[in-house]
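Reader: I am new to this structure. Please take me through the terms used for it.

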Amino acid sequence: MTRLRASACLALLPLLGLGCAGNASSTGPKGQTTAQPTSTAASQGTQGPTLEPPPPTPKRTVVNEYHGNRITDDYQWLENGSDSDVKSWIGDHNRRTRAFLDLLPGRQALYTNVRKFVEYGYPAFYGLDYRGGTLFALRWRPPKQQPFLVTLSPPENPNAEKVLVDPTAIDPTGNTSIDFYVPSPDGQKIAVSLSKGGREGGAIRVFEVGSGRELGEVVPQGMGRTAGASIAWNGAGTGFWYTRYPSEGEVKPEDRGFHQQVYFHKLWTPVKDDAPAIKDVPRLAEIELSTSPDGKFILARVQNGYGGPFEHYIFRAGGGWTKIAAFTDEVRAAAIGADDDLYLLSRKGAPRGKVLRTSAWKPLLEKAAVMVPESDVVIEALKGTLQRLYVVDSAGGPSQIRIFDRKGKALGTVPILPVSAVHQMVDLGEGDLLFHNESFTEASAWYRFRAGSGKVEKTAMAQPATADFSDVVVMREQCTSKDGTKIPLNILRRKDAKLDGRNPTLLTGHGGFGVNVAPDYEPTRRIWLDKGGIVAVANLRGGDELGDEWHKAGMLVKKQNTFDDFFSCAQRLFDLKVTSSDKLALLGAQHAPLLMGAAITQHPEMFRAVVARGGIYDMLRLELAPNGAYDVNEYGSVTNKEQFEALYGYSPYHRVEDGKSYPAVLFLTGESDPRGDPGQARKMVARLLAATSSNEPILLRSSSDTGRGIGAPLNHAVLEAVDIYTFLFHVLGIQP
């Protein structure tokens with residue numbers, strides 16, 4: 001299955017390539033605004049408009065008790081986004097933010113530069129799949145507001161593309177997007193998930209590939225708290241398995257966003273007759289389905305909450321579903337190879353991963369042979385082809401691709417860009433491989449590895465690079481965290497940059513949910529570097545850069561390690577004379593608002609500005625948020641006394657101190673975000689505004705018609721990036 005949810009950021013990444021864009025109303029080209037600025041009180045930062053005093057936020061104190069601890073909460077009422085008072089509060093803050101950002105100097109020039117990079121700086125083709133001799137791809141072609149689905153025949157020839165599904169033709173407003181698509185094994189039909197407003201969970205619609213005709217099949221997926229969905233066709237292409245959440249009336253109202261299940265839909269039959277296929281999945285299940293190239297096997301991977309363990313099932317033609325690995329088996333991924341081999345990526349007794357091989361017809365885990373043993377790199381992904389197995393590894397962040405034959409004999413590596421990331425591999429048959437590769441300085445592109453010759457060719461499926469980074473040096477540094485652990489840090493600077501401690505610097509990281517922060521090509525960095533800026537990307541514990549132990553060292557009661565790692569990276573930048581605290585800004589990745597909150601409250605003196613996206617700040621109320629239950633595996637629960645003490649110890653919302661001087665902060669949220677409760681950011685803004693003794697701006701930018709940004713139209717992506725740069729330039733005193 002090709003998921004746009006996972007790969008949408010390849011096309012619509014704003015600043016630093018770390019998350020997709022959302023948007024509140026903003027100033028566009030030639031002064032076109034959707035919010036009228038007003039004049040105000042005291043000025044902030046460099047020369048520019050004055051910033052209005054924040055709207056009054058009344059305290060409506062409630063007391064929550066945890067293990068005998070009575071903890072007051074003055075702004076719990078802001079959690080309810082449907083309340084009229086909260087809506088008015090959001091509107092007042094958006095107007096204040098717009099009145100400030102829209103009139104900052106240099107905004108028009110930034111708009112012109114950012115739009116050029118966002119429109120033309122990303123892959124023209126992504127999310128590829130090869131079925132029945134046809135190559136399918138999602139196509140990015142500005143000024144269209146959304147990517148659209150195409151076929152390429154013969155493969156890799158962008159001049160022979162045929163448009164299958166264009167969401168902007170379905171919805172000219174640009175608010176409808178493709179979540180993901182799945183071709184049938186013979187490539188004759190295609191199922192496409194479409195959603196509106198960034199909600200990431202709409203309905204499945206089926207199209208005939210040859211004619212582009214829609215077949216009239218509409219299958220609702222149910223709106224879940226994770227909004228995850230998946231599809232896998234049967235071998236004959238007469239129907240498909242799909243995941244959905246319970247519909248209204250099927251479960252209690254409080255369970256509507258849980259209990260995801262697998263159903264089978266036979267084409268041209270009523271959806272109400274679809275029956276569940278896999279029994280006994282957990283309440284927090286997130287299920288991903290996939291079909292083997294020949295359609296004989298269906299794989300189902302069931303994750304028990306974010307960051308949680310996996311179990312795996314297989315469906316064989318003529319049989320039913322069979323569990324092949326339980327949660328305790330620590331199998332992370334499965335893939336079908338040649339001659340019905342079943343490859344399993346296991347981390348049991350191998351924190352950095354090993355590959356097991358067994359038969360897909362008789363998948364006995366206890367008899368599986370070790371094909372690729374654990375080594376000093378972390379195995380991230382597998383792709384089985386005819387007589388070959390390709391393995392993508394992470395070496396502390398950057399990728400490599402190793403090649404093995406069916407007996408596990410190492411056949412070398414696929415040549416890729418140095419210090420780079422491999423995002424996807426596609427089997428083209430005969431052992432040939434398409435792979436998507438990018439680095440900090442080389443634009444992302446699709447390459448073809450020819451198994452016969454061992455050579456790699458860059459395909460025509462590439463967008464011309466809009467930013468030249470040939471004058472940029474990538475430094476790979478090591479930082480020493482509080483407990484002595486060495487933390488990888490990537491530093492991007494122009495060759496002529498002087499390390500005198502005065503460079504405006506952007507530091508970012510993730511450190512959660514086992515996510516690997518790999519090198520990425522982000523053309524808008526050119527704007528920052530040309531202003532004398534430096535970019536630093538940290539690989540923190542809690543991620544997967546160095547395997548399971550690295551992840552476990554930054555989760556649950558050890559989460560503080562992630563924050564300490566981040567602070568050590570900031571200190572390393574000071575020690576190297578890259579920058580100083582009054583020139584250092586933080587930029588939160590799409591899933592890293594907690595990291596930003598911890599930085600703001602634990603060491604506000606180290607940073608001048610923070611851009612925080614999403615909302616995870618009140619760790620005591622998180623699991624009560626619409627999607628919070630899925631985060632318990634990663635952060636813990638207040639119902640567990642030890643975990644409560646850890647959560648309360650670092651919870652950013654509770655660590656804000658009255659009278660303390662806090663840095664400038666821009667909070668960005670989307671009211672339609674299905675995974676991050678925007679109420680958390682609202683509370684954090686209110687608490688910081690009430691507490692801070694500094695004159696630095698603390699702003700809320702809340703979009704009413706997008707979620708976390710996935711599926712947002714092009715204009716939203718551009719305007720969010722412009723707002724971020726405008727804010728940072730102003731606070732750090734950078735002349736536009």
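**Cores, rings and a helix**

Author: Leu489, Leu507, Phe566 and Phe667 touch the most other members of the largest nonpolar core, which has 63 residues. Helix H8 (residues 560–575) gives the largest share of this core, seven residues. The model is predicted, so local features need pLDDT of at least 70, side-chain atom pairs count only at pLDDT 80 or more, and totals for chains, interfaces and linings use all residues. Residues are numbered from 1 along each chain as its sequence is written, and side-chain values use heavy atoms, without hydrogens and water.

Reader: What makes a set of residues a nonpolar core?

Author: Its members are buried Ala, Val, Leu, Ile, Met, Phe, Trp, Tyr and Cys residues, joined through side-chain atoms within 4.5 Å. Buried means under 20% relative accessible area; exposed is over 50%, partly exposed in between (1.4 Å probe, protein chains only). A second, separate core of 59 residues includes Leu101, Leu138, Phe207 and Leu668.

Reader: Which residues is leucine 507 in contact with, leaving aside neighbours within four places in sequence?

Author: Among them are Leu489, Phe566, Leu573 and Leu587. Contact means heavy atoms within 4.5 Å.

Reader: Why is the pair of tyrosine 306 and tyrosine 630 called tilted?

Author: Rings of Phe, Tyr and Trp (its six-membered ring) pair if their centres lie within 6.5 Å; planes under 30 degrees apart are stacked, over 60 edge-to-face, the rest tilted. These two rings are 5.8 Å centre to centre, with 40 degrees between the planes. So the rings pair, and the pair is tilted. The two tyrosines are 324 residues apart in the chain. Tyrosine 306 and tyrosine 630 are both buried.

Reader: What makes the pair of phenylalanine 469 and tyrosine 521 edge-to-face?

Author: Their planes stand at 90 degrees, and the centres are 5.5 Å apart. Therefore the pair counts as edge-to-face. The partners are 52 residues apart in the chain.

Reader: How do you know that the charge of arginine 244 sits over the ring of tyrosine 263?

Author: NZ of Lys or CZ of Arg must be within 6 Å of the ring centre and within 35 degrees of the ring normal. The charged end of arginine 244 is 4.2 Å from the centre of the tyrosine 263 ring, and sits over that ring. Lysine 144 sits likewise over phenylalanine 148, at 5.6 Å.

Reader: What span is expected for helix H14?

Author: The expected span is 1.5 Å times one less than the number of residues. H14 (residues 714–732) has 19 residues and reaches 27 Å, close to the expected 27 Å. Of its 19 residues, 18 are buried.

Definitions and conventions. Helix = DSSP H or I, 4+ residues; strand = E, 2+ residues; numbered from the N terminus.
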